[in-house]
Amino acid sequence: MTKACNEASGQPPSKKRKALDESAETAETTKTKKAGSCSKQAGSSGVRRTQSRAKLSMLPSLSLDILLEIFSHLFPIDLLHLARTTKALRNLLMRRNTTTVWKYAFTQIQGLPECPSDMSFPAWAHLAFEPVCHNCYTSNVRNISWILRTRLCSRCAKICLEDAGIFDAKNNIDKDVLECVPFNNYCGKYCLASDRKRFVQELKAHKEDRQKFVEQKMAEVTTRLDHALLCEDWSKALADERAITLQQIKDNRHNAISEKLLQLGYGKELDFLSDERADDHEHSEYVPFHKHHLVRHPRNLTDKVWDSIKDDLGEYMQKVRAYIKSKERKELVWKRRECAALAWNEYRNAKCDPGSFLPNQIDLWVWDPVRDIIERPSEAEVTKDSFEQVFRGLPSFIESWQRDKITQIVHNATDTMKWIPFPGISDLELATCVFTCSNNFFHSLMRRYEDDQSCLMWFPEFVHHRCNTLTRRRYGENDEELQDLDSCGLLSVNSEALGLRRRQWSARWLFFDDKASRTVRSILSACGMSQSAKVQQLDQEDPRLICLKCSFGAKCDGERFFSVMTWRTAVQHNLKKHFGDGQTNFQRISSLDVDEAKRLETAEQVRRLSANPNRPQQPVDKPWRCTLCRDCPVEPGALTLAEMWRHQYRRHNKLKKNLEEGVDYYRAYDRPPPQPYQVKIKPRDPTVDL
Ligand SMILES: [Zn+2]
Ligand SMILES: [Zn+2]
Ligand SMILES: [Zn+2]
Ligand SMILES: [Zn+2]
């Protein structure tokens with residue numbers, strides 16, 4: 001009895017005092033409703049504590065009957081704390097004849113199994129109700145091992161426990177230890193080193209009646225285990241109940257704070273926060289209301305508490321208010337941009353040549369007159385019609401926009417090829433002006449070029465190239481003037497290329513292709529054309545060529561077979577077969593042979609198609625785009641004529657016979673003209689022909 005009392009109340013100085021104070025407080029907050037406490041009141045401030053202690057010191061002078069009557073209203077934890085206040089009280093409460101007080105105190109704890117016969121009441125109260133480590137008195141140790149009858153912090157658990165694995169069941173003493181010492185079976189099998197040592201000592205003392213002693217100990221362990229199981233059930237039920245109570249306190253506090261904030265005029269913000277909670281929405285601007293540390297704190301909201309937190313919460317609500325305001329502003333701006341895009345689409349379809357080189361909606365949004373309207377104060381009403389007036393300036397804006405973008409391309413060319421004397425914009429139309437696009441990733445998304453094809457572009461293809469106006473979603477380009485474009489559904493191009501969106505026009509991916517340009521020079525020489533010939537002229541000439549590098553310099557003589565190519569195919573050929581060799585020469589075949597070559601080209605196409613109708617070896621030519629869908633999210637991309645008819649009927653309810661090229665649909669200038677297959681003939685010597 002005495003020993004147990006000492007364990008329970010004999011305390012190391014201040015550290016334990018502090019731990020117990022804390023635990024008393026936690027016990028109050030976590031609401032041991034039945035094990036509730038009066039000691040809290042005695043310990044809330046230094047002054048009050050001294051006063052209370054002064055009064056308590058009078059207690060032992062009262063008659064025992066009165067004392068017992070007073071004590072009978074206390075809980076076990078209170079008695080324990082009381083016993084620690086003064087020596088006199090300790091002596092009184094640890095006396096055997098006060099057992100009934102303890103007993104009565106324990107009856108007030110619903111469901112707690114009885115104090116085991118081999119334990120004192122104070123030790124039992126200490127184990128059940130004081131959340132401190134039994135070894136170092138660290139506070140807030142909630143795990144109780146009912147079978148070991150101890151609470152240990154994780155640090156002390158390492159010191160005080162012994163793993164069952166260290167005992168050898170073949171060794172007589174170890175075997176008895178495993179059977180007679182209580183072991184914890186949670187997360188491994190452990191016993192208290194002190195229990196084991198005591199048992200071994202006792203075992204040595206029972207040399208005569210060892211067997212009887214072991215049997216008695218085994219029976220004790222069994223009883224202890226049964227009791228421990230009951231205790232576990234009780235503490236689990238208590239923990240569940242505590243969790244519910246805690247949640248109730250939190251909910252009450254949450255509601256009480258909401259009510260206070262509502263009175264302060266934060267209704268809109270509270271609604272917003274509760275919607276966010278429902279959506280499980282989180283962002284970096286502020287913590288969600290229900291996760292705010294002042295809101296979720298598990299303590300009831302008193303006026304005093306409210307006074308101490310209202311400034312902080314007011315600041316928080318102001319932050320939320322500012323966030324809502326900026327969010328609403330952003331949404332409004334996006335609505336206005338939508339209106340501007342709609343107005344622009346209507347203007348473009350009515351006034352501009354379809355298929356011409358034009359800005360898209362984003363280019364419009366950053367045009368100052370349109371931007372000014374979009375950014376008008378939130379109170380101002382902005383509709384599609386609001387843009388009518390400034391759109392009168394569109395023709396000159398479009399003109400300067402086009403000039404600006406074309407100049408960008410010229411700069412790209414002159415930056416890479418300093419030696420090319422590009423005096424101006426018109427030189428972009430030269431046949432020797434060839435661009436390539438470095439964004440193969442986009443091309444694969446758009447299924448643009450065949451594996452064996454380089455992306456080579458002549459005027460006007462590179463001006464209209466899709467990569468100039470598309471970008472990857474979520475990889476927001478930092479060269480754009482507007483933010484948040486990634487989340488704008490209006491900029492989707494999913495029908496054409498999944499995962500891409502429209503962007504502000506940019507020539508960032510375009511590069512002048514020097515090797516291709518040199519090859520064109522060589523072709524122009526072979527054709528006897530001027531080096532300053534334009535793409536259009538070369539297309540009109542539509543020469544057929546043979547590669548003299550492949551024939552090791554041998555020319556057409558009417559005897560030899562040669563692969564015959566168009567000029568564009570010849571450039572691709574030199575880039576692929578001869579790595580763009582600048583020395584490659586070509587010979588133009590006689591016009592008499594060209595007719596034969598073209599006939600064979602057509603036949604070859606028919607032959608390949610009939611041999612393998614489902615897998616044409618050349619990409620299908622899709623030369624048309626829909627005027628009404630231009631730059632819209634539903635834009636289907638480039639189409640064949642048959643596909644265009646279907647599209648117009650389904651989407652725009654227009655019949656084939658009413659469709660007009662250049663009005664309802666326009667040429668997709670971003671697409672290269674399709675090239676025929678190479679054919680083999682024996683071309684005659686063209687010099688004889690001429
Ligand atoms: Zn400890
Ligand atoms: Zn590209
Ligand atoms: Zn060749
Ligand atoms: Zn359409």
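Reply: Keep in mind that the model is predicted. So who touches whom? On the α6 side you'll find Pro-76, Ile-77, Leu-79, Leu-80 and Ala-83, and they meet Pro-122, Ala-125, His-126 and Phe-129 in α9. Sorted by class, the contact of α6 with α9 has 8 nonpolar residues, 1 polar one and no charged ones.

Now for the backbone. Follow the chain past α9 and you get to Tyr-137, in the loop between α9 and α10 (154-160). Phi of Tyr-137 is near 65 degrees, a positive value in a residue other than glycine. That's worth a second look because most residues other than glycine have a negative phi. Tyr-137 counts as buried because 20 other C-beta atoms lie within 10 Å, and 20 or more is what it takes.

Phe-552, in the loop between β7 (545-547) and β8 (562-564), also has a positive phi, near 55 degrees. Its surroundings are another story: Phe-552 has 6 C-beta neighbours inside 10 Å, so Phe-552 counts as exposed, the cut-off being 12 or fewer.

One last spot involves a peptide bond. Most peptide bonds are trans, but a cis one joins Phe-459 and Pro-460, with omega about 0 degrees. You'll find Pro-460 in the loop between α20 (440-446) and α21 (461-464).

Terms used. Residues are numbered from 1 along each chain as its sequence is written. Chains are lettered from A and ligands numbered from 1 in the order in which they are written. This is a predicted model: local features need pLDDT of at least 70, side-chain atom pairs count only at pLDDT 80 or more; totals for chains, interfaces and linings use all residues. Two residues are in contact if their C-beta atoms, placed from the backbone, lie within 7 Å. Helices (H or I, at least four residues) and strands (E, at least two) are DSSP runs, numbered from the N terminus. Ala, Val, Leu, Ile, Met, Phe, Trp, Tyr, Cys and Pro count as nonpolar, Asp, Glu, Lys and Arg as charged, and the others, Gly among them, as polar.
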